[in-house]
Amino acid sequence: MRISNDGEARRLLALARSKSQAGRETLYKNVWDLFENRNGSLSERERTLMTEILRQLSGEVEREVRRHVAERLARMDDAPRELVMLLAHDEGDVAFPILKESRMLLDIDLVEVVRQRSQQHRLAVALREGLGGTVCQAIAESGDCDAVTAMLANHSAQVSSELMATLAVFSKEVEAYQEPLLHRPDLPAPIARRMCVWVSA
């Protein structure tokens, strides 16, 4: 990995040898700063090496540090996919910005998160812009009321007519679904008319 001067190289080497929590966190922050500030000039080998360092250290640094990196990484269009995936499966508050914003995540990745992770993870996915139909189906199948409600309120989510019809039936028992369903501009008129039977004025 190219470093701009010998002093910087010696400092990072000393941090890499440090066994202390503070030393590991400082190394994590320094490598991330290098990655973020010089990303455009890094070779593929350097990117791979820095990603591996960040991946190995992720389990050893404080949540707040990981959350800071996740927030910055979520807005990068050329973020290392391995690191994005690692943080997407981190604790809910760390993963949240990645799941809500990162363009590096594919629908198959999001479905996996919805099926395997916590309510906070599902809620972040439900808030994504342009949420795909397969992901919407997975959220509905999770039975997570808050995530389903958030998905229905997300008018950019591609909820199929079939799924809306199913959730409309569920809304007889789950009142939280009623309002976001009825406010969706793509709600088919026949479903809206059927819902009028059990939704009060």
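Two residues count as being in contact when they have heavy atoms within 4.5 Å of each other. Keep that in mind as we walk through this predicted model, where local features need pLDDT of at least 70, side-chain atom pairs count only at pLDDT 80 or more, and totals for chains, interfaces and linings use all residues. Residues are numbered from 1 along each chain as its sequence is written, and side-chain values use heavy atoms, with hydrogens and water left out.

Let's start with the overall layout. The protein chain has 13 helices and 0 strands; helices (H or I, at least four residues) and strands (E, at least two) are DSSP runs, numbered from the N terminus. Of the 201 residues in the chain, 45% are buried, where buried means under 20% relative accessible area, exposed means over 50%, and partly exposed is in between (1.4 Å probe, protein chains only). Take the contacts between residues at least 6 apart in sequence: 61% of them join residues at least 24 apart.

Now for a pair of helices. H3 (residues 44–58) and H5 (residues 81–88) have axes that come within 9 Å and cross at roughly 15 degrees. Those axes are lines fitted to C-alpha atoms, for helices over the stretch in contact, and the angles run from 0 to 180 degrees between N-to-C directions. H3 and H5 are therefore roughly parallel to each other: that label goes to angles under 35 degrees, while over 145 is roughly antiparallel, 65 to 115 roughly perpendicular, and the rest oblique. Their crossing is left-handed, as the term is used if the near helix is turned anticlockwise from the far one by less than a right angle (clockwise would be right-handed). Who touches whom? On the H3 side you'll find Thr51, Glu52, Leu54, Arg55 and Ser58, and they meet Glu82, Leu83 and Leu86 in H5. Sorted by class, the residues of this contact are 3 nonpolar, 2 polar and 3 charged. Here Ala, Val, Leu, Ile, Met, Phe, Trp, Tyr, Cys and Pro count as nonpolar, Asp, Glu, Lys and Arg as charged, and the others, Gly among them, as polar.

Next, look at H7 (residues 107–116) and H9 (residues 133–142), whose axes come within 9 Å and cross at roughly 5 degrees. That makes H7 roughly parallel to H9. H7 brings Asp107, Leu110, Val111, Val114 and Arg115 to the contact, and H9 brings Thr134, Val135, Ala138, Ile139, Glu141 and Ser142. This contact has 6 nonpolar, 2 polar and 3 charged residues.

Ala126 is buried, at 0% relative accessible area. Leaving aside neighbours within four places in sequence, Ala126 is in contact with Leu131, Ile139, Ala147, Ala150, Met151 and Asn154. Its C-alpha atom is 8.0 Å from that of Ala157, 31 residues apart along the chain.

Further along, Ser171 sits in the loop between helix H11 (161–170) and H12. Ser171 is buried, with a relative accessible area of 0%. Beyond its neighbours within four places, Ser171 is in contact with Tyr177, Gln178, Leu181, Met195 and Trp198. Gln178 belongs to helix H12 (residues 178–182) and is buried too, at 12%.

Finally, the cysteines. Cys136 is buried at 0%, whereas Cys196 is exposed at 55%. Counting a disulfide as a pair of cysteine sulfur atoms within 2.5 Å, the total is 0 disulfides.
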